[in-house]
Amino acid sequence: MSSVYFRLLPGPLALLWMLSAPNTVNAQSPTAPSAEDDPAHIDRLWQEASSKYDAARLALLKQVDAAGRQGPFRPDWQSLQSYTVPEWYEDAKFGIFIHWGVYSVPAFANEWYPRNMYIQGSNEFKHHVATYGTPDKFGYKDFIPMFKAEHFDPAAWAQLFRKAGARYVVPVAEHHDGFAMYDSGLSDWTAAKMGPHRDLIGDLAKAVRAEGLHFGLSSHRVEHNFFLGVGRTIPSDVNDPRYAAFYGPAHTWLANPQGRPLNDDFTYVSSAWADDWLARGAELVEKYHPDIVYFDWWIGQPSIRTNLTKFTAFYYNSSLKYGDHVGVINYKDYAIQEHSAVLDLERGQLGDIRPLHWQTDTSVSNKSWGYIKDDTFKSPEFVIHQLIDIVSKNGNLLLNIGPKPDGTIPDEVQRVLLEVGAWLNVDGEAIYGTHPWRKYGEGPTKVAAGSFHDVETSHYTAEDFRFTTKGDVLYAIGLGLPSNGEAVIRSLARVAGSERVQSVALLGGDANLRFDQRADGLHVELPAQAPGTAAYALRITFIHDRAR
């Protein structure tokens with residue numbers, strides 16, 4: 001009898017078959033491959049393993065339904081598109097993203113190690129077998145006791161983020177691996193009950209808010225539906241029903257082909273999974289009252305869409321109940337109706353000003369979002385230039401860091417953050433609380449637009465400027481120092497109908513720079529030693545002719 005058939009037998013028949021054919025059954029290991037099993041049966045195993053929290057889950061779902069009827073937002077896109085991005089978020093411009101979890105223990109390749117370690121032939125699989133043993137003997141769950149966070153100091157983290165110039169902080173509450181970094185009442189597999197035995201998210205939330213920063217959360221729970229499905233193709237602990245509550249249903253990922261919309265993703269998603277996702281999102285909102293909820297791409301999967309509207313209405317209505325402003329949801333691609341939340345581009349930028357506010361999320365590290373031992377890092381200059389370009393186009397930058405499993409932040413990462421903060425301490429006036437000008441900038445250097453292209457942008461030159469405004473003031477941010485000491489801003493040429501410049505000041509330097517507004521542009525004489533090396537900002541005011 002095949003292992004698939006045995007798994008589908010009702011309990012009494014399975015027992016009878018075991019008694020009649022003990023040699024065959026004894027050879028059947030609980031870690032044997034199960035990828036060919038009926039997905040409905042696989043899903044039931046996960047549901048049964050998680051059933052101890054059915055009552056708590058149902059209570060949260062009832063709260064979601066009630067909140068959808070108690071506030072300005074209903075769970076439909078017609079209602080949700082009336083959403084307006086809160087002013088604090090538009091003004092903040094710069095936030096810190098944090099990918100920290102059990103995947104920081106192996107510290108190899110990237111944060112998808114939990115999945116790739118189960119793919120035969122992958123570098124992660126080879127490393128795992130050589131270092132820890134085969135996945136049926138040492139699975140991902142076995143890293144949890146090694147994740148101790150013994151040196152985690154949330155107050156020190158929050159102080160570092162404030163010094164970096166960040167205005168909001170968004171840690172990942174649960175990544176694709178399914179391990180909750182918070183004190184969840186819907187799972188045993190949490191940092192509060194295993195590993196660190198501490199509510200890491202709760203402790204960080206208190207410290208971040210104590211520094212006067214906004215606190216958000218990122219949930220990647222929905223991707224857990226398929227994330228560990230590759231473990232069912234080989235002998236591994238993912239197949240063992242004893243760990244179904246952690247590894248989830250682990251379905252086969254029938255992903256949409258490259259370049260095709262997520263509607264073409266045909267992965268098995270049960271209504272039970274969609275409801276569990278909704279309940280866990282609601283739990284995060286109820287426990288931590290986040291100002292931001294960041295989602296990865298799979299919330300746009302067709303089977304999640306209905307519950308996504310329910311969550312959005314619940315969160316927006318709840319945020320108004322808990323604070324004086326509506327919350328922010330970050331989404332990717334086309335997962336949410338564009339007026340209903342804030343678009344996020346992963347490791348990428350836009351080529352021009354977007355009328356609707358948006359965000360880039362990228363990492364200070366180049367290889368991985370989570371901590372790995374051999375990563376490389378972006379320079380402070382790169383991050384500062386990226387921030388300037390994004391802000392000039394009506395966006396925010398959410399910069400990720402990956403702490404070590406002991407709870408410390410790598411020295412290289414701290415150095416980058418502090419240097420970005422030092423620049424913002426001088427030139428932040430041209431960033432915080434600003435709006436786009438009539439054009440984002442000028443100069444020969446253009447970004448490679450779109451997701452996953454951020455490191456493809458060429459080096460900026462002394463001819464590259466980015467513009468922001470605040471009230472009647474224009475800020476021209478130079479992305480390179482001119483060798484002759486003269487900055488030339490072509491967009492401010494003296495032509496018929498143009499505004500006449502009244503004054504030019506250097507932020508952090510001379511309040512009255514010499515300038516000449518000519519037919520070819522505004523010529524500004526810079527001091528021999530401009531503050532900072534990454535970029536400099538000019539504050540420009542104009543003569544307002546009331547007769548015009």
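Guide: The largest pocket has a volume of about 1000 Å³. Its lining comprises 35 residues, of which Asn256, Trp297, Lys332, Asp333 and Phe452 are the closest to the centre. This is a predicted model, in which local features need pLDDT of at least 70 and side-chain atom pairs count only at pLDDT 80 or more, while totals for chains, interfaces and linings use all residues. Residues are numbered from 1 along each chain as its sequence is written, and side-chain values use heavy atoms, with hydrogens and water left out.

Visitor: What is a pocket, and what is a cavity?

Guide: Rolling a probe the size of a water molecule over the atoms shows where empty space is left. On a 1 Å grid over the protein atoms alone, a cavity is a set of points where a 1.4 Å probe fits but cannot get out; a pocket is an open set with protein on both sides within 12 Å along at least five of seven lines, and lining residues have an atom within 4 Å of a point. Grid points are joined across faces, edges and corners, and a volume is the space filled by probe spheres set on the points.

Visitor: Which strand gives the most to the lining of the largest pocket, and how does that lining divide by class?

Guide: Strand β6 (residues 342-346) does, with four residues. The lining has 15 nonpolar, 10 polar and 10 charged residues. Here Ala, Val, Leu, Ile, Met, Phe, Trp, Tyr, Cys and Pro count as nonpolar, Asp, Glu, Lys and Arg as charged, and the others, Gly among them, as polar. Helices (H or I, at least four residues) and strands (E, at least two) are DSSP runs, numbered from the N terminus.

Visitor: How many cavities of 30 Å³ or more does a search of the whole structure find, and what lines the largest cavity?

Guide: The search finds five. About 80 Å³ of space lies in the largest cavity, and its lining includes Ile98, Trp100, Phe152 and Trp157. By class, that lining has 10 nonpolar residues, with no polar and no charged ones. Helix α11 supplies the largest share, three residues.

Visitor: How is the packing of two helices read, for instance that of α4 and α14?

Guide: Two packed helices are described by the angle between their axes and the distance between the axes. Helix α4 (residues 39-49) packs against helix α14 (residues 271-288) at about 40 degrees, with the axes 10 Å apart. Therefore α4 is oblique to α14, since angles under 35 degrees count as roughly parallel, over 145 as roughly antiparallel, 65 to 115 as roughly perpendicular and the rest as oblique. Axes are lines fitted to C-alpha atoms, for helices over the stretch in contact, and angles run from 0 to 180 degrees between N-to-C directions. Asp43, Trp46 and Gln47 in α4 meet Ala272, Trp273 and Asp276 in α14, contact meaning heavy atoms within 4.5 Å.

Visitor: Where is confidence lowest, and where is it highest?

Guide: pLDDT is the predictor's confidence in each residue, from 0 to 100. The lowest mean, 36, belongs to helix α1 (residues 3-8), and the highest, 99, to strand β1 (residues 94-98).
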